Amino acid sequence: MGTNSKTAGSKILIAEDAADLREALTEVLLDLDYNVKAARDGFEATQMFTEFDPDLAILDMRMPMMNGSDVCSVIRKSSDIPIIMFTSADDVADVNGAILKGASDFVLKTTGMDELADRVEAHLLKKALHSNLRLPAEKPSTGQYPTHHPKISTSPTAHPTP
């Protein structure tokens, strides 16, 4: 488990009310060269989100003030960052609600830190890939993309020009 150079330095917001787990998550992600901020509850997470502008969020399902699903809803109003719900097996039924509110993924707490770190890496790499893809800035004035290219023919009988 190592951080890809494309994702090193990515900003990750953690929202977890259990202090020991929050600290462990923070340490693991810092060791993987991520920039991490951790919130103690959902309300604090929404405030940190605005100030920190993270690349990915890890949210506990059950937190004081606001649960993870509600925090997910708030984040989705202004951002499409990956959101991973980090949850206990008891909350799996509630994860469907979080997915409907825009969560990208979920990881069971019993699965462990390695699985979570792997998912974080995968989502950040996917995000990096999508941000590197560029569509044409504007369509041609006809409102259609060009279908003719001097060296490419759409005719079934045409042969490519060398």
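Select Ser69, which lies in helix 3; helices (H or I, at least four residues) and strands (E, at least two) are DSSP runs, numbered from the N terminus. The model is predicted, so local features need pLDDT of at least 70 and side-chain atom pairs count only at pLDDT 80 or more, while totals for chains, interfaces and linings use all residues. Residues are numbered from 1 along each chain as its sequence is written, and side-chain values use heavy atoms, with hydrogens and water left out.

Is Ser69 buried or exposed? Ser69 is buried, with a relative accessible area of 8%; buried means under 20% relative accessible area, exposed over 50%, and partly exposed in between (1.4 Å probe, protein chains only). Now show the residues around Ser69. Leaving out residues up to four places away in sequence, Ser69 touches Met61, Met85, Gly97, Ala98 and Lys101, where contact means heavy atoms within 4.5 Å.

Next, select Asn67. This residue caps the N-terminal end of helix 3, with a side-chain oxygen 3.0 Å from the backbone nitrogen of Ser69. A polar contact is a pair of N or O atoms within 3.5 Å; within protein, one must be able to donate a hydrogen and the other to accept it, and residues adjacent in sequence count only if both atoms are side-chain atoms.

**Helix 3**

An open sheet is formed by 5 strands in the order 2-1-3-4-5, with parallel pairing; two strands pair if DSSP finds at least two bridges between them. At the edges are strand 2 (35–39) and strand 5 (105–108), each pairing on one side only. From one strand to the next, the twist averages 20°; axes are lines fitted to C-alpha atoms, for helices over the stretch in contact, and angles run from 0 to 180 degrees between N-to-C directions.

Zoom in on strands 4 and 5, which run parallel and are joined by 4 bridges. Met85 stands opposite Phe106 in strand 5. Helix 3 packs on the sheet, touching strand 3 and strand 4, and its direction makes about 155° with that of strand 3. Color strand 5 by face: Asp105 and Val107 are on the covered face, Phe106 and Leu108 on the uncovered one.

**A loop**

Move to Arg40, in the loop between strand 2 and helix 2. Which residues does Arg40 contact, leaving aside neighbours within four places in sequence? They are Glu16, Asp17, Arg22 and Pro64. The C-alpha atoms of Arg40 and Ala18 are 7.6 Å apart, though 22 residues separate the two along the chain.

**The whole chain**

Finally, zoom out. The chain has 5 helices and 5 strands, running β-α-β-α-β-α-β-α-β-α from the N terminus. Of its 162 residues, 37% count as buried.
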